[in-house]
Amino acid sequence: MNETTLAELAPGESGRIVKIEGKGILAQRLVDMGLYPGVAAKVVRRAPLGDPIEVDAEGALVNLRREEARFVKVKKL
């Protein structure tokens with residue numbers, strides 16, 4: 001399958017979120033930001049040292065730390 005994490009996508013690559021791994025407050029925070037299964041997410045850019053990552057989640061721009069983005073499983077589009 002063509003599954004990876006949001007942290008592993010390069011700027012310009014897109015994926016459809018298939019799963020939020022983990023439980024608790026971090027998972028809830030990701031969902032509250034609009035990152036949940038079924039949403040198309042595109043990595044817009046990364047900071048010069050690779051952290052944070054700016055993600056376009058169907059029109060909502062979200063900035064995530066690389067560590068947070070590792071919890072978001074996506075299927076590449």
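This is a predicted model: local features need pLDDT of at least 70, side-chain atom pairs count only at pLDDT 80 or more; totals for chains, interfaces and linings use all residues.

Trainee: Okay, in what order do the elements of the chain run from the N terminus on?

Mentor: Start with the tally: the chain has two helices and six strands. Now put them in order along the chain. From the N terminus on, you read β-β-α-β-β-β-α-β.

Trainee: What radius of gyration does the chain have, next to that of a compact globule?

Mentor: For the outline, the C-alpha atoms fill a box of roughly 30 × 25 × 20 Å along the principal axes. A compact globule of 77 residues would come out near 11 Å, and the chain agrees with that, because its radius of gyration is 11 Å.

Trainee: Which share of the contacts between residues at least 6 apart in sequence joins residues at least 24 apart?

Mentor: A contact here means heavy atoms within 4.5 Å. Take the pairs in contact that are at least 6 apart in sequence, then keep those at least 24 apart. That share is 60%.

Trainee: Which element gives the most to the largest nonpolar core?

Mentor: That core has 19 residues, and Leu6, Ile17, Leu35, Leu64 and Val72 have the most contacts inside it. At least two residues each come from β2 (14-20), α1 (25-32), β3 (40-46), β4 (53-57), β5 (60-64) and β6 (72-76). With three residues, the top contributor is β4.

Trainee: Let's zoom in on Leu6. Which residues is Leu6 in contact with, leaving aside its neighbours within four places in sequence?

Mentor: Leu6 is one of the core residues with the most contacts inside the core. Two others from that group, Leu64 and Val72, turn up among its partners.

Trainee: Is Thr5 buried or exposed?

Mentor: Thr5 is in strand β1 (residues 3-5). Beyond its sequence neighbours within four places, Thr5 is in contact with Ala69, Arg70, Val72, Lys73 and Val74. Its relative accessible area is 8%, and the cut-off is under 20%, so Thr5 is buried.

Trainee: Where is the cis peptide bond that involves Pro52?

Mentor: Most peptide bonds are trans. Pro52 sits in the loop between β3 and β4. Omega is near 10° for the cis bond, which runs from Asp51 to Pro52.

Trainee: Gly50 is in that loop between β3 and β4 as well. Is Gly50 buried or exposed?

Mentor: Check the number against the cut-off of under 20% for buried. The relative accessible area of Gly50 is 10%, so Gly50 is buried.

Trainee: What is the phi of Glu58, a residue other than glycine?

Mentor: Most residues other than glycine have a negative phi. Glu58 lies in the loop between β4 and β5, and Glu58 is exposed at 54% relative accessible area. Its phi is positive, near 50°.

Trainee: Last stop, the lysines. How does Lys19 count by its relative accessibility?

Mentor: Lys19 is in strand β2, and its contacts outside four places in sequence are Pro37, Phe71, Val72 and Lys73. Its relative accessibility is 45%, so Lys19 counts as partly exposed.

Trainee: And how does Lys42 count?

Mentor: Lys42 is in strand β3. Among its contacts beyond four places in sequence are Gly12, Glu13 and Glu54. At 39% relative accessibility, Lys42 counts as partly exposed.

Trainee: What about Lys23, buried or exposed?

Mentor: Lys23 is in the loop between β2 and α1. The cut-off for exposed is over 50%. With a relative accessible area of 78%, Lys23 is exposed.

Terms used
Residues are numbered from 1 along each chain as its sequence is written. Side-chain values use heavy atoms; hydrogens and water are left out. Helices (H or I, at least four residues) and strands (E, at least two) are DSSP runs, numbered from the N terminus. The radius of gyration is taken over C-alpha atoms; the globule rule is 2.2 Å times the number of residues to the power 0.38. A nonpolar core is a set of buried Ala, Val, Leu, Ile, Met, Phe, Trp, Tyr and Cys residues joined through side-chain atoms within 4.5 Å. Buried means under 20% relative accessible area, exposed over 50%, partly exposed in between (1.4 Å probe, protein chains only).
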